[in-house]
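I opened this notebook to keep track of what I looked up. The entries follow the order of my reading.

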Amino acid sequence: LKLRPGMVQARKLLGEIAMRKGDFTGARQNAEALMQAEPRAADGYLLRADALLHGGDRTGADLALQQAIQMAPNDARGYTGLGNLRGDEKKYPEAEKFFQQALEKDPRSVQAMTGLVKLRMLQKQPVQAEAIVQQQIAKAPDVSAFYQLLAEVQTAQKNYQGAMQSLDKAT
């Protein structure tokens, strides 16, 4: 399928399709087209990072995520991606820093909040995880996924009544 460089939405979709098919080369080609069409947007860099990561190139993915942040510093997704990478490497303080930066950029980022909660739970800190979710709910009370995360943390602490109440708020 031949597309004009300005057809950004189509390139994004083609990149996503390529990723789902396991065609990381095709995904990277669409990422390059996105970066050329919209060099100041994060989408192309994020797609390239995803393709590189799934293709086994963690260093390249890291670099692409750093470029995403450089080109679109107010887009939370680059910070979240780096948080996920650092978390996978068990570099928890760095991961937390990136997730916090993502939430500063976008207080409604479910991906960043999930990453932060996952870090706390991996470190066996469910009380801190619950407090973090509660703080974020105060900032974005209409994000139902935050209540679901809260319920998961409460369930892990065997606070079933609290989890049920949180799930009631999520629906």
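**Entry 1: ground rules.** I call a residue buried when its relative accessible area is under 20%, exposed when it is over 50%, and partly exposed in between. The model I am reading is predicted.

**Entry 2: Asp75 and its partner.** I looked up Asp75 first. Its relative accessible area is 19%, so Asp75 is buried. Next I checked what its side chain meets. Asp75 and Arg77 form a salt bridge, with 2.7 Å from N to O.

**Entry 3: Arg77 again.** I stayed with Arg77 and found a salt bridge to Asp43, at 2.9 Å from N to O. This pair links distant parts of the chain. Arg77 sits in helix α5 and Asp43 in helix α3, 34 residues apart. I then compared each partner with the cut-offs. Arg77 has 41% relative accessibility and therefore counts as partly exposed. Asp43 has a relative accessible area of 16%, so Asp43 is buried.

**Entry 4: the network.** Which residues are linked with Arg77 in a network of salt bridges? I noted Lys12, Asp43 and Asp75. I also wrote down a general point: side chains of opposite charge can pair when their charged atoms come close.

**Entry 5: the whole count.** How many salt bridges does a search of the whole structure find? It finds 10. I picked one more of them to follow, between Glu32 and Arg48. Their side chains meet at 3.3 Å, N to O. Glu32 lies in helix α2 (residues 24–37) and Arg48 in helix α3, so this bridge ties together parts that are 16 residues apart in sequence.

Entry 6: I located Arg48 in helix α3, which covers residues 43–54. Is Arg48 buried or exposed? Its relative accessibility is 16%, so Arg48 counts as buried. I then listed the neighbours of Arg48, leaving out residues up to four places away in sequence. Arg48 touches Ala31, Glu32, Met35, Ala64 and Gln67.

**Entry 7: α5 against α6.** I turned to helix packing. Helix α5 spans residues 76–88. The axes of α5 and α6 are 8 Å apart, at an angle of about 165°. An angle over 145° counts as roughly antiparallel. So α5 is roughly antiparallel to α6. The crossing of α5 past α6 is left-handed. On the α5 side, the contact is made by Ala76, Tyr79, Thr80, Leu82, Gly83, Asn84, Arg86 and Gly87. On the α6 side I noted Tyr92, Glu94, Ala95, Phe98, Phe99, Gln101, Ala102 and Lys105. Sorted by class, this contact has eight nonpolar, five polar and three charged residues.

**Entry 8: α6 against α7.** I moved on along the chain. Helix α6 covers residues 92–105 and helix α7 covers residues 110–122. Their axes come within 9 Å and cross at roughly 150°. α6 and α7 are therefore roughly antiparallel to each other. Here too I read a left-handed crossing, with α6 passing α7. From α6, the contact takes in Tyr92, Ala95, Glu96, Phe99, Gln100, Ala102 and Leu103. From α7, the residues are Ala112, Met113, Gly115, Leu116, Leu119, Arg120 and Leu122. By class I have 10 nonpolar, two polar and two charged residues in the contact of α6 with α7.

**Entry 9: two backbone angles.** I ended with phi values. Most residues other than glycine have a negative phi. Which way does phi of Lys124 go, positive or negative? It is positive, about 55°, although Lys124 is not a glycine. I found Lys124 in the loop between α7 and α8 (126–139). Its relative accessibility is 73%, so Lys124 counts as exposed.

Lys158 also has a positive phi, about 65°, and is not a glycine. Where is Lys158 placed? I found Lys158 in the loop between α9 (144–156) and α10 (160–170). With a relative accessible area of 60%, Lys158 is exposed.

Conventions
Residues numbered from 1 in each chain as written. Predicted model: local features only at pLDDT ≥ 70, side-chain atom pairs only at ≥ 80, totals over all residues. Heavy atoms only, no water. Axes fitted to C-alpha atoms, helices over the stretch in contact; angles between N-to-C directions. Helix = DSSP H or I, 4+ residues; strand = E, 2+ residues; numbered from the N terminus. Parallel < 35°, antiparallel > 145°, perpendicular 65-115°, else oblique. Left-handed = near helix turned anticlockwise from the far one by under 90°. Contact = heavy atoms within 4.5 Å. Nonpolar A, V, L, I, M, F, W, Y, C, P; charged D, E, K, R; others polar. Buried < 20%, exposed > 50% of the residue type's maximum accessible area, 1.4 Å probe, protein only. Salt bridge = Lys/Arg side-chain N within 4 Å of Asp/Glu carboxyl O.
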